[in-house]
Amino acid sequence: MLESRMPDVRENLERVRERIARAATRAGRRPDDVLLIGVSKTVDVERIRAALAAGLRALGENRVQEAKTKVAELGRPAAWHLIGHLQTNKVKDALELFDVIHSLDRLELAQELERRAATRGLAVEAMLQVNVAAEPSKGGFAPDAVDEALEAIAKLAHVKVTGLMAIPPEVERPEDSRRWFRGLREQAERRGLKRLSMGMSSDFEVAVEEGATMVRVGTAIFGARA
Ligand SMILES: *Cc1c(COP(=O)(O)O)cnc(C)c1O
């Protein structure tokens, strides 16, 4: 039966929440200080509705077009977070759809966000994406380029950088991500930035132990993607 193939989103969500709470407690942090973002890319609206019904309050998408369809169908019972690369020509749509942009990965994008946000008279909240291991395949600012980027973006009146985001290299064991998470936290602390978007299904507990204030969890909530 079709129905039996749908993962138990409510139960998955509950388990992820418990794991976040335990990791936070281990690190002497409050579970409430960690925002769980359910990464719903490629996930059908039926499953997303199940997660919303179970209390999920933030959704992450990586494509503007896909988000547009989902926002039209689901509305805004949760905040929408953009977690993927944003093309400059999609900035206008992105500003209408998303509450937070995690993937501010180049100055050109910051300038376009400024231009569009100024036109609409709003401020856009963004996180600077850091390519922590300087991987050629990944976007984001190299760790040694972060200061200069923040300085340039600070001059843009309508773009507010509130934190740092990273997608560290793939590793075999979650524990191997710790050094990257810790490095990102230290970078944020040095600059007085409060938010840290780090940790996915495979390693969110380590990320929480290292100070994540937002974790981006897809498969552990919604099941494997097609
Ligand atoms: C897909 C994606 C996630 C979620 O990945 P899971 O392993 O399914 O939890 C998190 N962050 C980004 C940037 C992603 O693209």
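**Entry 1: Arg106 and Glu108.** I looked up the contact between Arg106 and Glu108 in this predicted model and found a salt bridge, with the closest N and O atoms 3.4 Å apart. I then checked the accessibility of both partners. Arg106 has a relative accessibility of 19% and counts as buried, because buried means under 20%. Glu108, at 46%, counts as partly exposed.

**Entry 2: Arg19 and Glu205.** Which parts of the chain does this pair link? I found Arg19 in helix 2, which covers residues 9-26, and Glu205 in helix 9, which covers residues 204-209. The two residues are 186 residues apart, and the pair thus links distant parts of the chain. Their side chains meet in a salt bridge at 2.8 Å, N to O. Arg19 is partly exposed, with a relative accessible area of 26%; Glu205 is also partly exposed, at 23%.

**Entry 3: Arg30 and Asp33.** I noted a salt bridge between the side chains of Arg30 and Asp33, at 3.6 Å from N to O. Is Arg30 buried or exposed? Arg30 counts as exposed, because its relative accessibility is 54% and the cut-off for exposed is over 50%. Asp33 has a relative accessible area of 36% and is partly exposed.

**Entry 4: total.** How many salt bridges does a search of the whole structure find? I recorded 23 salt bridges for the whole structure.

Definitions and conventions: Residues are numbered from 1 along each chain as its sequence is written. This is a predicted model: local features need pLDDT of at least 70, side-chain atom pairs count only at pLDDT 80 or more; totals for chains, interfaces and linings use all residues. Side-chain values use heavy atoms; hydrogens and water are left out. A salt bridge is a side-chain nitrogen of Lys or Arg within 4 Å of a carboxyl oxygen of Asp or Glu. Helices (H or I, at least four residues) and strands (E, at least two) are DSSP runs, numbered from the N terminus. Buried means under 20% relative accessible area, exposed over 50%, partly exposed in between (1.4 Å probe, protein chains only).
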